[in-house]
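Reader: I would like to learn how to read a protein model feature by feature, with the cut-offs stated as we go. Could we go through one together, taking the general idea before the particular case?

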Amino acid sequence: MADVNSKEQHVDVGSAHGRQASFEETWDKAKVSQYPDQEPTVIIMSSADPEATDPGQSTDPEEPETRQTFHERYSALKPFVIMSSSYLLYTVTDGAIRMIVLLHAYTSGFSAWEVAIMFSAYECAGIFTNLAAGTMGARWGIKTTLLTGLTLQLVGIGSLYGWQDSWSEDGQKWKAIVFVTMTQMLCGIAKDLTKLGGKTVTKLVTPDEKQSSLFKLVSLITGWKNSLKGVGYFIGSASITYNYNFALGLLLGLILLAMPWAIIGLSDQLGRARSKNLSLFEIFKQRYNVNILSVSRFFLFGARDMWFEVPLPFFLRDSVRGLGWSRPITGLFLALWIIGYGQVQSWTPQLALQPLRQSPANKLVAVFWNIILISSPVIMGGLIQSSSTFLDRNLPGMEASMIVGLAWFALVFAINSSIHSYLIVRYADGDKVALNIGFYYTANAMGRLTGTLVSGALYSFVDRNNVLPGFAACFWTSTAFVAASALVECLLRDQESGLKLGPCLTLIAPDDTIHKDTPKFGGAVDPDQPVGLVALA
């Protein structure tokens with residue numbers, strides 16, 4: 001065991017990154033303690049030699065990397081690569097199956113409200129699955145949640161081969177609605193089980209002292225997830241144009257491609273909590289900031305799905321009052337929107353927040369960008385409901401308004417989502433990270449469910465003869481949800497770093513006051529916890 005106690009021998013925690021991330025013993029192999037009159041002491045147990053390390057071994061950072069060191073770093077990084085790759089590959093099928101179901105239902109004559117019902121179980125499953133996934137991940141490890149999710153996705157997609165064309169006839173539609181709703185429920189469970197691993201593993205490989213690195217890593221994995229979901233939207237819309245059965249078979253092949261690597265390359269201990277028994281009370285007993293951020297997340301994603309998931313594709317396809325686009329063009333537009341949104345997420349720290357001196361993000365940064373987001377649904381709602389461009393169906397003007405207005409929403413929403421994804425991982429509680437993130441994404445699923453159902457009802461029933469008032473109502477409701485998300489974020493306890501708008505302008509000065517009895521993230525003060533987790537405000 002190498003005990004590094006002096007400045008000359010001090011091992012930077014970032015360089016110990018690979019060792020800390022040797023997953024099975026992530027939280028047991030590295031401990032940080034602080035004393036009033038000393039430098040922080042970092043004690044690291046080499047994953048390659050748990051008994052001892054040669055005291056005379058050089059710690060010179062310029063020493064060439066040995067084969068053993070390379071092996072240690074590779075072993076630490078491998079689970080992250082496998083987990084992230086499986087998660088991203090799964091995400092392609094998640095976006096694709098969404099488009100296949102939606103476009104097939106639209107072609108078969110189902111209304112926006114009926115399609116919203118089909119997706120309701122997909123979103124509803126996420127409410128309960130995220131709680132169960134957090135418990136499963138903490139108890140059995142995130143390898144189990146990943147493989148269970150991939151298996152359920154196989155079953156859900158394969159079951160759609162049973163969708164009969166005769167169910168589109170009057171009096172038979174209820175059969176299709178019930179059948180598709182059940183298959184989508186399986187896909188919804190699969191999504192949240194798989195997503196848990198992709199989100200949790202970023203926390204496990206990043207030292208708590210490296211918050212900027214954590215922000216970049218979370219932004220990268222989340223951004224690429226959404227970009228590949230956009231690719232899935234296009235694959236789904238293009239493949240169903242060729243053949244419905246071919247489209248389903250293609251997705252099954254992608255899932256089968258992801259599974260062997262997860263089976264062989266991941267440890268069963270990855271992501272397990274130290275606590276052996278998790279009660280229902282512990283599931284709902286979250287840190288203060290985790291609870292507040294979860295409520296804000298409910299409104300944030302409810303605001304997006306209030307117009308995106310069902311009303312937008314229907315409006316793009318509508319040849320009477322909408323744009324009248326074909327299935328491939330509709331899928332391409334949605335794919336480009338999601339890909340662009342995902343790439344903005346990936347580079348949010350470097351392109352937006354770092355130049356504005358807002359990285360790593362805090363509560364004030366989250367509120368700031370949520371307020372900016374309000375502008376998009378306000379403008380879109382006003383244009384759709386009142387402008388002559390939409391009322392007279394001026395197609396070039398409508399297309400330009402939709403592209404510019406929704407691109408602005410994608411840009412600012414991506415920054416908001418990236419900030420949220422970072423904050424929940426930052427606020428997560430050590431070895432209960434899977435449980436915390438599972439609880440948080442339960443709120444995410446509730447927001448999406450609310451947005452999907454309410455938007456389907458607004459689009460279909462506000463005006464049965466004209467979709468424009470209903471489509472506008474979706475954006476007005478989205479505006480209210482964004483405002484509610486910003487108001488809830490104001491309750492977070494995380495503002496001591498202040499809010500800047502570039503190197504020269506400080507909107508809110510940093511607050512250096514330390515309240516020793518009030519934890520920064522709303523949890524209990526634990527003197528044995530690493531400094532990176534117990535920073536007091």
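Reader: In which helix does N289 lie, and how many residues of α10 are buried?

Author: Helices are DSSP runs of H or I with at least four residues, and strands are runs of E with at least two, numbered from the N terminus. N289 belongs to helix α10, residues 288-305, and since 14 of the 18 residues of α10 are buried, this helix is largely enclosed by the rest of the structure. Its span from first to last C-alpha is 26 Å, close to the expected 26 Å, where the expectation is 1.5 Å times one less than the number of residues. The C-alpha atom of N289 is also 6.7 Å from that of Y427, although 138 residues separate the two along the chain.

Reader: Which residues touch the most other members of the largest nonpolar core?

Author: In soluble globular proteins, nonpolar side chains tend to be buried together. A nonpolar core is here a set of buried Ala, Val, Leu, Ile, Met, Phe, Trp, Tyr and Cys residues joined through side-chain atoms within 4.5 Å. The largest one has 99 residues, of which W163, L312 and F315 touch the most other members; helix α17 (residues 395-427) gives the most to this core, with 15 residues. Apart from it lies another core of 13 residues, including I82 and L146.

Reader: How far apart are the ring centres of F299 and F481, and at what angle are their planes?

Author: A pair of aromatic rings is described by the distance of the centres and the angle of the planes. Rings of Phe, Tyr and Trp (its six-membered ring) pair if their centres lie within 6.5 Å, and planes under 30 degrees apart count as stacked, over 60 as edge-to-face and the rest as tilted. The structure holds 27 aromatic pairs. For F299 and F481 the centres are 5.4 Å apart and the planes at 70 degrees, so the pair is edge-to-face. Because F299 lies in helix α10 and F481 in helix α19 (residues 467-489), the pair ties together parts that are 182 residues apart in sequence. F299, at 21% relative accessibility, counts as partly exposed, whereas F481, at 14%, counts as buried.

Reader: Over which ring does the charged end of K173 sit?

Author: A charge sits over a ring if NZ of Lys or CZ of Arg is within 6 Å of the ring centre and within 35 degrees of the ring normal. The charged end of K173 sits over the ring of F110, 5.2 Å from its centre, and that of R98 over the ring of F119, 4.0 Å from its centre.

Reader: What is the mean pLDDT of the protein?

Author: The mean pLDDT, the predictor's confidence in each residue from 0 to 100, is 76, and 69% of the residues reach 70 or more. Over residues 1-65 the pLDDT is below 50. Where pLDDT is low, the predicted coordinates should not be read in detail.

How values were computed
Residues are numbered from 1 along each chain as its sequence is written. This is a predicted model: local features need pLDDT of at least 70, side-chain atom pairs count only at pLDDT 80 or more; totals for chains, interfaces and linings use all residues. Side-chain values use heavy atoms; hydrogens and water are left out. Buried means under 20% relative accessible area, exposed over 50%, partly exposed in between (1.4 Å probe, protein chains only). Contact means heavy atoms within 4.5 Å.
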